[in-house]
Structure formats: structure tokens, C-alpha cells
Amino acid sequence: MTKQQWKERLDKGIVYMDGATGSNLQKKGMKRGTCAEKWILEHEDMVYELQKQYLEVGSHILLAPTFMANRFYLGKYGLENQIEEINTRLVQISKRAAGQNGLVAGNMTTTGKRSAPIGTVAFQELVDLYKEQAQHLVKAGVDLFCIETMIYLEEAKSCILAIKEVCDLPIFVSMIYKEDGRTICGTDMEIVIKTFEQLRVDAVGMNCIKGKTMLPLLREMKQYTKMPILVKPNAGLPEHIDGKNVYPVTPEQFAYEGQQLVEAGASIIGGCCGTTPEYIKLLVERTIRK
């Protein structure tokens, strides 16, 4: 997808992303501490069916389950030499689910590492790590990139630069913010947004926060940028009940809060932890502009 094609698509109205992957797979037997990418490749049909459902209820963009398929993370499981195969096969699952009607985003996230002088990793080392994964995602045929659940601004910057060294596909970047409008490590939202504007990404936003909490943050973000804003609320923090994780935000409440986010200016919306196809279905029904 070219940047011009992306702009034309956005002009048509709200763009819907899919919902959660990990929390749904845990319901199907994926254990905590498991290498999710490896588990998915051993249960391809489960992920295919989940993503197919998201497409059927109105999602335009499916996130390939390549969230942490980088050398650092896969190396923890002795899979660092299978990066190309793993990323390629994961993208293929999503492309099969998307068919001719959906877009597939290469999904990338934080390694949890900070670059020097604050951290111990060289900035260029992070760029190279992300560039390796990005190359495989482009080769596998993703339509765009979604960098999400980012904590550190410098790490998000390294991921953006890595993708730009590989291709000219649209890039979305999403951070986690606290209620005070700062990232988890304390960076002010305005600084984050201005940095992303300078890097000429195609959408900015936030994810893994409750919709109710996102609303004032979205209004603040609108003051700093005219770029399209992406929001992916979660279904609240899970509560452990009868041996299961239960998310407190209902599909109806999620859709209502999603409507508020769209009315406040969100252009791209989907779901994070705890959401299912039912959440996205009600969200689309409540917010679609006919």
C-alpha cells in the first residue's frame, strides 16, 4: 500500500483494526511464558479463524501476529535463526484471513531495552534489530506497519527509522500513556507527538488503555497534531476469577466508549487486551458512518 493509497482510504471514513490476539489464544490453551509466535505456528487454524472473524465483523486491518518476532525475543527460546521463517509464516496466516478484502499490518513492539546513555544498548543496535524483522515483513507482503505498545520514545524512534530504511510503506506508531499524559517512563505527550511528526509517520496514537481513560488523552493529543490518530482501548485490566482472567469492560461498554473516541477525533480504532470479535462487531455497528 502506498502512502497515497492510505490517504485515499482514510478519506472514506473510520478505519477499523482488529481486536486482541494474545488474550483470545490464552482462552484456547496458550500458557503464559510460552513463545506466542511458536505456539501460533503450531495452531495456525486457531489464529486464522480468529482473524477471519475480525474481518467478517468489519475490521479493515489485521495485525499479523509478529508482535515480538525479533532476534532479541526469539533468542530467549533459541529461535533467533528462524526469524525469517517465523515472520513469513505468521504474515501468511493473516494474508490468508484477509483475502482480497483486508489489509495486513506488520506488527512490531518494544524489546524493553533502552539505548545509551540511559540504557546499555547502542541506538544503532536497536535500529539493526528492528530492521532485520522489518525486512522479512516487507518480503512477506505486509501492506503497512503498526508499531504498538511502545514505552520508550527512543526505542519507538529506532523502530521507525529501521522501517524507513527498508521501505516506504505507511507507518502507525502507538504508545502507552498514563492518565497524566506522559508515557510510562515519563516523556511528555507533546514531545512524543512532535518527534513522530518530524519522522513523518502516517498515524500516531495509543493502545492498551481503557477507553474511558483514553478520552481526555485523545483530546490532548488533538491539540498537538493534525495527523490521523489511532486508538486501541483494552477491555480493562483482567481480574482472576475461578482460575480464569476476566476483563471487566463489556462489549457494550467498549462500543459506547469507542463511539466517544471517534466523536472526539479518532480516525483509526480497534481493540487491545481482552477484546474479541464481538467487541469489534458492536464497535463498528455503533460508529460506522453510512
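This is a predicted model: local features need pLDDT of at least 70, side-chain atom pairs count only at pLDDT 80 or more; totals for chains, interfaces and linings use all residues.
Tutor: Local features here need pLDDT of at least 70 and side-chain atom pairs count only at pLDDT 80 or more, while totals for chains, interfaces and linings use all residues. Residues are numbered from 1 along each chain as its sequence is written, and side-chain values use heavy atoms, with hydrogens and water left out.

Student: Why is H10 called roughly parallel to H11?

Tutor: The axes of helix H10 (residues 211–224) and helix H11 (residues 251–263) come within 9 Å and cross at roughly 5°. Angles under 35 degrees count as roughly parallel, so H10 is roughly parallel to H11.

Student: What makes the contact of H10 with H11, by class, nonpolar, polar or charged?

Tutor: Contact means heavy atoms within 4.5 Å, and Gly-211, Lys-212, Met-214, Leu-215 and Leu-218 in H10 meet Glu-257, Gln-260 and Leu-261 in H11. By class, this contact has 4 nonpolar, 2 polar and 2 charged residues, where Ala, Val, Leu, Ile, Met, Phe, Trp, Tyr, Cys and Pro count as nonpolar, Asp, Glu, Lys and Arg as charged, and the others, Gly among them, as polar.

Student: How do you know which residues line the largest pocket?

Tutor: Lining residues have an atom within 4 Å of a point on a 1 Å grid, and a pocket is an open set of points where a 1.4 Å probe fits, with protein on both sides within 12 Å along at least five of seven lines. The largest pocket is lined by 38 residues, of which Thr-21, Gly-22, Ser-23, Phe-67 and Cys-273 lie nearest its centre, and its lining has 17 nonpolar, 15 polar and 6 charged residues. The largest share of that lining, 4 residues, comes from H2.

Student: Which residues does UniProt list for "binding site", and what makes them a cluster?

Tutor: The unreviewed UniProt entry lists Cys-208, Cys-272 and Cys-273, though such annotations may be inferred rather than shown by experiment. They are spread over 66 residues of sequence, yet the largest C-alpha distance is 6.5 Å, and they cluster in space. The lining of the largest pocket includes Cys-208, Cys-272 and Cys-273.

How values were computed:
Axes are lines fitted to C-alpha atoms, for helices over the stretch in contact, and angles run from 0 to 180 degrees between N-to-C directions. Helices (H or I, at least four residues) and strands (E, at least two) are DSSP runs, numbered from the N terminus. Angles under 35 degrees count as roughly parallel, over 145 as roughly antiparallel, 65 to 115 as roughly perpendicular and the rest as oblique.
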